[in-house]
Amino acid sequence: MASTASTLSWSSSSWLKSFGGNSNEASKLSDRRTALVILAQKKTKKTRKVILKEDVEYLGKMGQLLDVKAGFYRNFLLPTGKAQIVTPILLKEMQMEEERIEAEKKRVKEEAQQLALIFETVGAFKVKRKGGKGKQIFGSVTAQDLVDIIKAQLQRDVDKRIVSLPEIRETGEYIAELKLHPEVTARVRVNVFAN
């Protein structure tokens with residue numbers, strides 16, 4: 001407490017003498033000394049709770065809840081429309097939006113799992129190629145070939161970028177992986193035979 005407080009004391013007699021007061025009055029008042037205590041006040045942190053409306057480099061992603069300095073908000077984020085001050089209504093809307101996004105992610109994952117089950121229960125997809133010497137075939141089987149066969153047999157559109165095939169240059173049975181979702185991968189069998 002001693003470090004944060006400064007004590008100033010003054011004598012009322014010296015104050016009265018300077019104004020030409022009575023010395024009798026001055027002697028009576030000199031017995032009483034008054035202490036004036038000044039406490040150091042801490043500077044309050046001026047921050048604002050904001051929600052980002054768009055990605056801000058070195059600060060955060062869209063929809064993120066942050067504490068930023070008042071000046072930064074007032075001079076940069078507000079004029080550019082990149083952030084908004086948090087209100088209880090805005091927090092409730094944000095929570096409802098997050099719940100909706102979670103439900104959508106769950107629905108997409110379930111659809112991917114059902115599609116993976118369909119692909120795995122179909123059996124093997126048959127690919128015909130012109131045969132060469134021994135088990136060799138002319139050319140190779142590509143992801144686009146597998147996508148075309150899936151579309152013909154199951155009437156499902158599949159992006160060729162999600163298909164992962166080993167290098168196929170001979171006849172035989174191979175396993176291809178279809179990454180339908182970041183957490184769901186379907187394994188399908190591909191039978192390659194020569195004409």
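At 30% relative accessibility, Phe76 counts as partly exposed, and Phe72 falls in this class with a relative accessible area of 35%; buried means under 20%, exposed over 50%, and partly exposed in between, with a 1.4 Å probe and protein chains only. The structure is a predicted model, in which local features need pLDDT of at least 70 and side-chain atom pairs count only at pLDDT 80 or more, while totals for chains, interfaces and linings use all residues. Residues are numbered from 1 along each chain as its sequence is written, and side-chain values use heavy atoms, with hydrogens and water left out.

Phe72 and Phe76 form a stacked aromatic pair, 5.4 Å centre to centre with 25° between the planes. A search of the whole structure finds one such pair. Rings of Phe, Tyr and Trp (its six-membered ring) pair if their centres lie within 6.5 Å; planes under 30 degrees apart count as stacked, over 60 as edge-to-face and the rest as tilted. The two residues are four apart in helix H3 (residues 70–80), so about one helical turn separates them. Helices (H or I, at least four residues) and strands (E, at least two) are DSSP runs, numbered from the N terminus.

Strand E3 (residues 47–52) runs antiparallel to E4 and is joined to it by five bridges; two strands pair if DSSP finds at least two bridges between them. Arg48 stands opposite Val68 in E4. In the loop between E3 and E4, Tyr58 has a positive phi of about 65° although it is not a glycine. Most residues other than glycine have a negative phi. Tyr58 counts as exposed, at 81% relative accessibility.

An open sheet of four strands has the order E6-E9-E8-E7, with mixed pairing. Strands E6 (124–129) and E7 (163–164) stand at the edges, each with a single partner strand, so one side of each has no neighbour in the sheet. Strand E8 (residues 172–181) and strand E9 (residues 184–194) run antiparallel and are joined by nine bridges; Gly172 has Val192 as its bridge partner in E9.

Two helices lie across this sheet. Helix H4 (residues 88–122) lies across E6, E8 and E9, at about 25° to E9, and helix H5 (residues 143–154) lies across E6, E7, E8 and E9, at about 120° to E6. Axes are lines fitted to C-alpha atoms, for helices over the stretch in contact (heavy atoms within 4.5 Å), and angles run from 0 to 180 degrees between N-to-C directions.

A nonpolar core is a set of buried Ala, Val, Leu, Ile, Met, Phe, Trp, Tyr and Cys residues joined through side-chain atoms within 4.5 Å. In the largest, of 23 residues, Phe119, Leu146, Leu178 and Val192 touch the most other members. H4, E6, H5, E8 and E9 each give two or more residues to this core. A second, separate core of eight residues includes Val50, Val56, Leu66 and Val68.

His181 lies in strand E8 and counts as buried, at 16% relative accessibility. Not counting residues up to four places away in sequence, His181 touches Lys105, Val108, Lys109 and Ala112.
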